[in-house]
Amino acid sequence: LEDVLYCLLGVEGVYVRREDSKATPTTTVSGAPAPGVLLETRFVVEVPAGADASTVQFLKQLLPLCEHRAAVQLFVEQQSQHEYGAVN
């Protein structure tokens, strides 16, 4: 249950691992992703031996929600930088 909550916060747990990958290899000189480049965040479940099948299935159905939340959080972090401007 803790891993589910950590996953919803975008943090790795004991059995849930986070994998980040770039959609395109374009980066700026500083090594940061270029504007418009989205990073894909995926969560992967490492199923322990003897785990309850229904719990594992529930977790796998919940992972896309965690991935979408991480994508929105990343978008907000990128777009709230000073160079993108501010709206009053």
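Two residues are taken to be in contact when heavy atoms of one lie within 4.5 Å of heavy atoms of the other. On this basis, in the predicted model, Glu67 touches Thr41, Arg42 and Phe43, not counting residues up to four places away in sequence. Glu67 belongs to helix α2, which spans residues 53–79. The residue is buried and yet forms no salt bridge. The nearest side chain of opposite charge is that of Arg42, at 4.8 Å. A salt bridge requires a side-chain nitrogen of Lys or Arg within 4 Å of a carboxyl oxygen of Asp or Glu.

The overall composition of the chain is as follows. The chain contains two helices and two strands, and these elements follow the order α-β-β-α from the N terminus. Of the 88 residues in the chain, 23% are buried. The chain exposes about 6,500 Å², of which 60% is supplied by carbon and sulfur atoms. Among contacts in the chain with a separation of 6 or more, 52% are accounted for by residues 24 or more positions apart.

The two helices were examined as a pair. The axes of helix α1 (residues 2–9) and helix α2 come within 7 Å and cross at roughly 25°. Angles under 35 degrees count as roughly parallel, and α1 and α2 are therefore roughly parallel to each other. On the side of α1, the contact is made by Val4, Cys7, Leu8 and Leu9. On the side of α2, the contributing residues are Leu59, Leu62, Leu63, Leu65, Cys66, Arg69 and Gln73.

Leu9, in helix α1, has a relative accessible area of 52% and is exposed. Leaving aside neighbours within four places in sequence, Leu9 is in contact with Arg69 and Gln73. The C-alpha atoms of Leu9 and Cys66 are separated by 7.7 Å, although these residues are 57 residues apart along the chain. Gln73 is located in helix α2 and is partly exposed, at 33% relative accessibility.

With a relative accessible area of 36%, Tyr6 is partly exposed. From C-alpha to C-alpha, Tyr6 and Cys66 are 9.3 Å apart in space, while in sequence they are 60 residues apart. Once neighbours within four places in sequence are set aside, Tyr6 is in contact with Val11, Glu12 and Gly13.

Charged side chains were considered next. Side chains of opposite charge can pair when their charged atoms come close. The structure holds two salt bridges. In one of them, the side chains of Glu12 and Arg17 meet with an N to O distance of 3.5 Å. Glu12 is partly exposed, with a relative accessible area of 38%, and Arg17 is likewise classed as partly exposed, at 29% relative accessibility.

A salt bridge also joins the side chains of Glu46 and Arg17, with an N to O distance of 3.6 Å. This pair links distant parts of the chain, the two residues being 29 residues apart. Arg17 lies in strand β1 (residues 16–22), whereas Glu46 lies in the loop between β2 (39–45) and α2. At 41% relative accessibility, Glu46 counts as partly exposed.

Key. Residues numbered from 1 in each chain as written. Predicted model: local features only at pLDDT ≥ 70, side-chain atom pairs only at ≥ 80, totals over all residues. Heavy atoms only, no water. Helix = DSSP H or I, 4+ residues; strand = E, 2+ residues; numbered from the N terminus. Buried < 20%, exposed > 50% of the residue type's maximum accessible area, 1.4 Å probe, protein only. Areas by Shrake-Rupley, 256 points an atom, 1.4 Å probe, with all protein chains shown as cover. Lys, Arg positive; Asp, Glu negative; His and termini not counted. Axes fitted to C-alpha atoms, helices over the stretch in contact; angles between N-to-C directions. Parallel < 35°, antiparallel > 145°, perpendicular 65-115°, else oblique.
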